[in-house]
Amino acid sequence: MFRVLRGFVLPEAACEAPESSAMYENLFKKLDLNEDGRVDIAELQAGLKALGIPLGDDAEKKIFKAGDTNQDGKLDIEEFMNYLKDHEKKMKLAFKSLDKNNDGLHEKRNY
Ligand SMILES: [Ca+2]
Ligand SMILES: [Ca+2]
């Protein structure tokens, strides 16, 4: 499913950073609750909360202000990915803290 979506949306960008793009597409799909291909602010609020991403109270508004480049009140996947790429470091840190199975975060066990 990702292959279809990736080819449809941003083939060139996807080639540059396949891992990030797949992750963002996956996140976008999770946020797009009514599956209309766009994430509105209510979906973003609900989605970030459900994912437990620790952002401030006004984070959704800030994301929209910065990310909604055509100002139609919704983020399409292109806007969404552009935003995330601009804020990649910060977002990756948030995702990493969520990823309990991430091998990079494994702790030494003392038996
Ligand atoms: Ca939607
Ligand atoms: Ca938009």
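In the protein, where is confidence lowest and where is it highest? And which residues of helix 5 are buried?

A: First, the ground rules: this is a predicted model, so local features need pLDDT of at least 70 and side-chain atom pairs count only at pLDDT 80 or more, while totals for chains, interfaces and linings use all residues. Residues are numbered from 1 along each chain as its sequence is written, and chains are lettered from A and ligands numbered from 1 in the order in which they are written.

Confidence, then. pLDDT is the predictor's own confidence in each residue, from 0 to 100. Helix 2 (residues 11-16) scores lowest, with a mean of 48, and strand 2 scores highest, at 97. Across residues 9-15 the pLDDT is below 50, and that stretch has nine contacts in the model beyond near neighbours in sequence. A contact here is two residues whose C-beta atoms, placed from the backbone, lie within 7 Å. The average for the protein is 77, with 68% of the residues at 70 or above.

For orientation, there are seven helices and two strands, in the order α-α-α-β-α-α-β-α-α from the N terminus. Helices (H or I, at least four residues) and strands (E, at least two) are DSSP runs, numbered from the N terminus.

Now your helix. Helix 5 covers residues 59-67, and its buried residues are Glu60, Ile63 and Gly67. They fall within an arc of 60° seen down the axis, so they line one face of the helix; the arc is taken from the directions from the helix axis to the C-beta atoms. Why does that spacing work? An α-helix has 3.6 residues a turn, so residues three or four places apart point the same way. On the other side, Lys62 and Lys65 are exposed. "Buried" means 20 or more other C-beta atoms within 10 Å of a residue's own, "exposed" means 12 or fewer, and "partly exposed" is in between, with C-beta atoms placed from the backbone. Buried residues make up 20% of the 111 in the protein.

What does the buried face pack against? Its partners are helix 4 (41-51), strand 2 (74-76) and helix 6 (77-86). With helix 6, the meeting is between Ile63, Ala66 and Gly67 on the helix 5 side and Glu79, Phe80 and Tyr83 on the other. The two axes come within 9 Å and cross at roughly 105°, which makes helix 5 roughly perpendicular to helix 6. Axes are lines fitted to C-alpha atoms, for helices over the stretch in contact, with angles running from 0 to 180 degrees between N-to-C directions. Under 35 degrees counts as roughly parallel, over 145 as roughly antiparallel, 65 to 115 as roughly perpendicular, and the rest as oblique.

Ile63 also belongs to the largest nonpolar core, twelve residues in all, including Phe80, Leu75 and Leu44. Helix 3 (18-31) and helix 6 are the elements that give two or more residues to this core. Such a core is a set of buried Ala, Val, Leu, Ile, Met, Phe, Trp, Tyr and Cys residues joined through C-beta atoms within 7 Å.

Last stop: Gln71, in the loop between helix 5 and strand 2. Gln71 has a positive phi of about 55° without being a glycine, and counts as exposed because 8 other C-beta atoms lie within 10 Å. Most residues other than glycine have a negative phi.
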